[in-house]
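Please look at the sequence and the model together, and keep both in view as you read.

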Amino acid sequence: MSEISAVTRDSRNSKFFKFIPGLNRRQRTLLMIASSVLVLAAVIMASLLLDNEKIATHFDEKNLGPSLEHFFGTDWLGRDMFTRTVKGLSLSIYIGLIASAVSVVIALVLGMSAATMGKTVDRVITWIVDLFLGMPHLVALILIAFTLGGGAKGVIIGVAFTHWTSLTRVIRAEVLQLRSAEFVQISRHMGKSRWWTAFHHILPHLVPQFFVGFVLLFPHAILHEASITFLGFGLSPHKPAIGVILSEAMKYLSTGMWWLAFFPGLSLLIIVRAFDIIGENLRLLIDPHHAHD
Amino acid sequence: MQLRAENISFRYGKGDWILKDFNIELNQGEILGLTGPSGCGKSTLAKILAGYERPLGGSVELDSRSFPSKGFNPVQLVFQHPEKAVNPRWQMHRILRESGCQDDSLYRSLGIEESWMKRWPNELSGGELQRFCVARALTRQTRFLIADEMTTMLDAITQAQIWHVVLEYAKQNNMGVLVVSHENRLIERLCDRVVCLRDNAAGRT
């Protein structure tokens with residue numbers, strides 16, 4: 001049984017680095033994480049280094065296909081699509097980081113208080129969680145972003161306040177289980193207060209959930225940022241954001257300018273996948289049942 | 001000082017009554033044994049006496065007063081499984097210090113080595129962990145110790161060592177000890193008085 005699960009996990013986990021001999025699974029996992037982090041760092045670095053002049057309008061080189069000079073081609077205003085994509089991606093990463101950090105903190109606070117502050121608080125919080133889970137993410141997101149007048153602020157707040165629900169549930173369940181653990185009860189009988197045990201005994205056990213939840217929320221945040229910008233409720237059109245690029249590209253797809261949507265879309269996919277890989281592999285490293293594999 | 005349970009009744013949920021109108025008292029400096037077959041409610045009684053469970057009927061009193069709900073509990077319970085009684089993410093020295101400061105001679109007599117202090121719970125054996133749990137429960141404020149199958153999973157030599165220290169400590173500090181066990185030999189060796197749970201629990205089928 002354990003052999004079977006080990007084999008499947010192995011093939012799912014890091015088959016990419018299988019071809020390098022002499023690495024154990026832990027080293028391969030670390031290598032996966034490192035290379036994904038490198039990709040993200042490269043995107044951010046590139047967006048800082050690339051010249052803003054390249055995304056200014058150049059009518060003499062508009063509608064060019066991909067070439068060595070313009071890797072991703074240029075659009076109908078002659079802007080270099082590679083530069084726009086890279087700058088858009090780094091903006092997306094920035095928004096995703098803030099939004100997922102905020103929603104993880106919300107999840108932690110609500111999950112902890114639901115499980116430690118008594119029945120009424122617990123009922124209210126689970127009710128709110130059910131309410132938010134019951135309606136589609138995107139609807140709530142559009143509503144919040146629209147009310148706040150769009151822009152980066154609206155998107156960040158919107159994403160942060162719609163993505164905490166499932167993690168809250170996980171943390172609440174975990175705290176409920178820990179609260180009845182013998183070592184917590186013993187601590188209470190040694191005169192420690194409820195809050196003392198919550199911080200010193202329960203919180204350290206939530207670090208993996210916290211960390212992995214953060215990394216797994218990130219791709220969600222980016223995709224939702226891109227989708228509400230695509231729908232026109234997000235960032236303003238002059239910002240080099242992936243959602244803006246994709247929604248504009250839609251209008252020009254029928255004229256045969258496939259590179260406008262293809263490369264930015266592909267890059268978004270790669271970035272999201274990179275974060276997904278980091279989250280998955282971190283979980284394997286931190287989870288006590290897999291950590292010693 | 002006296003720990004007294006009067007007419008206590010208890011059951012889990014809507015199940016059968018585990019304890020019905022049960023009386024027990026533990027005096028200061030007394031070593032009391034509690035025996036009975038498996039599943040007769042020994043551990044439940046231990047938890048009630050230490051305040052981990054509230055009895056559905058009757059009362060547990062310490063010196064004719066009801067239990068303090070806050071602060072250090074003068075009735076300390078040592079569980080059967082030390083692995084569950086320590087936080088796996090705490091180092092041993094932190095686990096020991098949680099109950100307040102104690103003297104090093106007690107650690108030494110329990111066989112706790114200095115080098116174990118920096119280790120994590122999963123790097124120690126069950127017997128080694130149980131020594132920490134016993135040391136943690138033996139503080140100056142502890143008036144009664146309830147040992148729920150405290151040494152059941154240990155070998156005879158370790159059992160003897162731990163009990164020797166506990167009894168010595170109880171004598172010095174005039175502490176009452178309730179020894180919960182189904183090992184009659186151990187109870188006979190240690191205790192001044194023995195209560196058999198099956199005889200006392202009324203109304204059971």
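In chain B, strand β4 and strand β5 (residues 65–66) run antiparallel and are joined by two bridges. This is a predicted model, in which local features need pLDDT of at least 70 and side-chain atom pairs count only at pLDDT 80 or more, while totals for chains, interfaces and linings use all residues. Residues are numbered from 1 along each chain as its sequence is written, chains are lettered from A and ligands numbered from 1 in the order in which they are written, and side-chain values use heavy atoms, with hydrogens and water left out. Two strands are said to pair if DSSP finds at least two bridges between them, and the strands (E, at least two residues) and helices (H or I, at least four residues) are themselves DSSP runs, numbered from the N terminus.

The hairpin of β4(B) and β5(B) has two residues between its strands, and there B:D63 takes a positive phi near 60°. Within the pairing itself, B:E61 has B:S66 of β5(B) as its bridge partner, and B:E61 of β4(B) also stands opposite B:R4.

Taken as a whole, four strands of chain B form an open sheet in the order β2-β1-β4-β5, with antiparallel pairing. Because β2 (19–27) and β5 of chain B each have a single partner strand, they stand at the edges, and one side of each is left without a neighbour in the sheet.

Most residues other than glycine have a negative phi, and most peptide bonds are trans. B:N7, which lies in strand β1 of chain B, has a positive phi near 50°, and B:N174, in the loop between α6 (156–173) and β8 (176–180) of chain B, has a positive phi near 55°. With a 1.4 Å probe and protein chains only, buried means under 20% relative accessible area, exposed means over 50%, and partly exposed lies in between. B:N7 therefore counts as partly exposed at 40% relative accessibility, and B:N174 counts as partly exposed at 38%.

Another pair of strands in chain B is parallel. Strand β6 (residues 75–78) of chain B pairs in the parallel sense with strand β7 (residues 144–148) of chain B over four bridges, and in β7(B) the bridge partner of B:Q76 is B:L145. In a regular strand the side chains alternate between the two faces of the sheet. In β6(B), B:V75 and B:L77 point one way and B:Q76 and B:V78 the other way, and all are buried.

How many of the twelve residues of helix α5(B) are buried? Ten of them are, so the helix is largely enclosed by the rest of the structure; among these buried residues are B:L129, B:F132 and B:V134. The expected span of a helix is 1.5 Å times one less than its number of residues, so α5 (residues 126–137) of chain B should span 16 Å, which agrees with the 17 Å between its end C-alpha atoms. B:C133, also in this helix, is buried with a relative accessible area of 5%.

On a 1 Å grid over the protein atoms alone, a cavity is a set of points where a 1.4 Å probe fits but cannot get out, a pocket is an open set with protein on both sides within 12 Å along at least five of seven lines, and lining residues have an atom within 4 Å of a point. Grid points are joined across faces, edges and corners, and a volume is the space filled by probe spheres set on the points. The whole structure has four cavities of 30 Å³ or more, and the second largest cavity has a volume of about 60 Å³. The elements that give two or more residues to its lining are β6 and α5 of chain B, and α5(B) supplies the largest share, four residues. Among the lining residues are A:I186 and A:M190 from chain A, and B:Q76 and B:C133 from chain B.

The second largest pocket has a volume of about 870 Å³, and of the 30 residues lining this pocket, A:R188, A:H189, B:G51, B:R54 and B:S69 lie nearest its centre.
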